[in-house]
Amino acid sequence: MTERPKVAPYLTVTPAAAAIAWYVNAFGARQKAFMPAVDGVRVLHCELEINGGTLMLNDAFPEFGQTRTPLPGEPVTSTVSLEFATGKEVDDLFAKATNFGAKGEAQPTNSFWGTRFAVLRDPFGHRWMLNGPLA
């Protein structure tokens, strides 16, 4: 059995299949697990490896509870942080993700706390902080 990560974000995003494709293309994610829903349309569970960490996601299933994705224009309040080995990786991923439709909220900059730092929001409303050490 594979060891589970100690902490892993679990995002509800609709359509999950589109988000999975976006994370694969923009972030270089690798799909580790995939479970389609019985309806044949939605994703019940997906596990992705991104930058050495784990991200899990699924579509909203309002028929099983109160969970829902944000309405258009409604910001998601959680943020996922990605830590990189170099500041150049921050610049490269920011450029790639924004080319794939992410909106930059904070352009890559050298922060006062000693990292190359940027913030973006993916096309599904989720916020991502990117950090890498200064050279």
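Tyr23 and Phe27 lie four residues apart in helix H1 (residues 16–27), so about one helical turn separates the two. An α-helix has 3.6 residues a turn, so residues three or four places apart point the same way. The structure described here is a predicted model, and the values below are computed from its atoms.

The model contains nine aromatic pairs. In one of them, the ring centres of Trp22 and Phe27 are 5.3 Å apart with the planes at 75°, so this pair is edge-to-face. The rings of Tyr23 and Phe27 form a stacked pair, because their planes are at 10° with the centres 5.8 Å apart. Trp22, Tyr23 and Phe27 belong to one aromatic cluster together with Phe124 and Trp128.

Trp22 is buried, with a relative accessibility of 9%. Phe27 is likewise counted as buried, at 9%. For Tyr23, the relative accessible area is 0%, so this residue is buried under the cut-off of 20%.

## The nonpolar core

The largest nonpolar core has 29 residues, and those that touch the most other members are Tyr23, Phe27, Leu48, Ile50, Leu57, Trp128 and Leu130. At least two residues of this core come from each of H1, strand S3 (43–50), strand S4 (53–58), S5, H2, S7 and S8. H1 gives the most, with seven residues.

Ile50 illustrates how these elements meet. Leaving aside neighbours within four places in sequence, Ile50 is in contact with Tyr23, Phe27, Ala29, Leu55, Leu82 and Trp128.

## Helix H2

Helix H2 (residues 87–99) has 13 residues, and the distance from its first C-alpha to its last is 19 Å, close to the 18 Å expected at 1.5 Å a residue. Within H2, the residues Gly87, Val90, Leu93, Phe94 and Ala97 are buried. Viewed down the axis of H2, the buried residues fall within an arc of 120°, so they line one face of the helix. Lys88 and Asn99, on the other side of H2, are exposed.

The buried residues of H2 pack against H1, strand S5 (79–83), strand S6 (103–110), S7 and S8. After H2 comes Gly101, which has a positive phi, near 105°.

## His126 in the S7–S8 loop

His126 is located in the loop between strand S7 (115–121) and strand S8 (127–133).

Apart from neighbours within four places in sequence, His126 is in contact with Leu11, Thr12, Val13, Tyr23, Val76, Leu120 and Arg121. One of these contacts, Tyr23, is also in contact with Ile50 and is a member of the largest nonpolar core.

## Confidence of the prediction

The protein chain has an average pLDDT of 90, and 92% of its residues score at least 70. Among the elements of the chain, H2 has the highest mean pLDDT (98), whereas strand S1 (residues 10–12) has the lowest (91). Where pLDDT is low, the predicted coordinates should not be read in detail.

Note on methods. Residues are numbered from 1 along each chain as its sequence is written. This is a predicted model: local features need pLDDT of at least 70, side-chain atom pairs count only at pLDDT 80 or more; totals for chains, interfaces and linings use all residues. Side-chain values use heavy atoms; hydrogens and water are left out. Contact means heavy atoms within 4.5 Å. Rings of Phe, Tyr and Trp (its six-membered ring) pair if their centres lie within 6.5 Å; planes under 30 degrees apart count as stacked, over 60 as edge-to-face and the rest as tilted. Buried means under 20% relative accessible area, exposed over 50%, partly exposed in between (1.4 Å probe, protein chains only). The expected span of a helix is 1.5 Å times one less than its number of residues. The arc is that of the directions from the helix axis to the C-beta atoms. pLDDT is the predictor's confidence in each residue, from 0 to 100. A nonpolar core is a set of buried Ala, Val, Leu, Ile, Met, Phe, Trp, Tyr and Cys residues joined through side-chain atoms within 4.5 Å.
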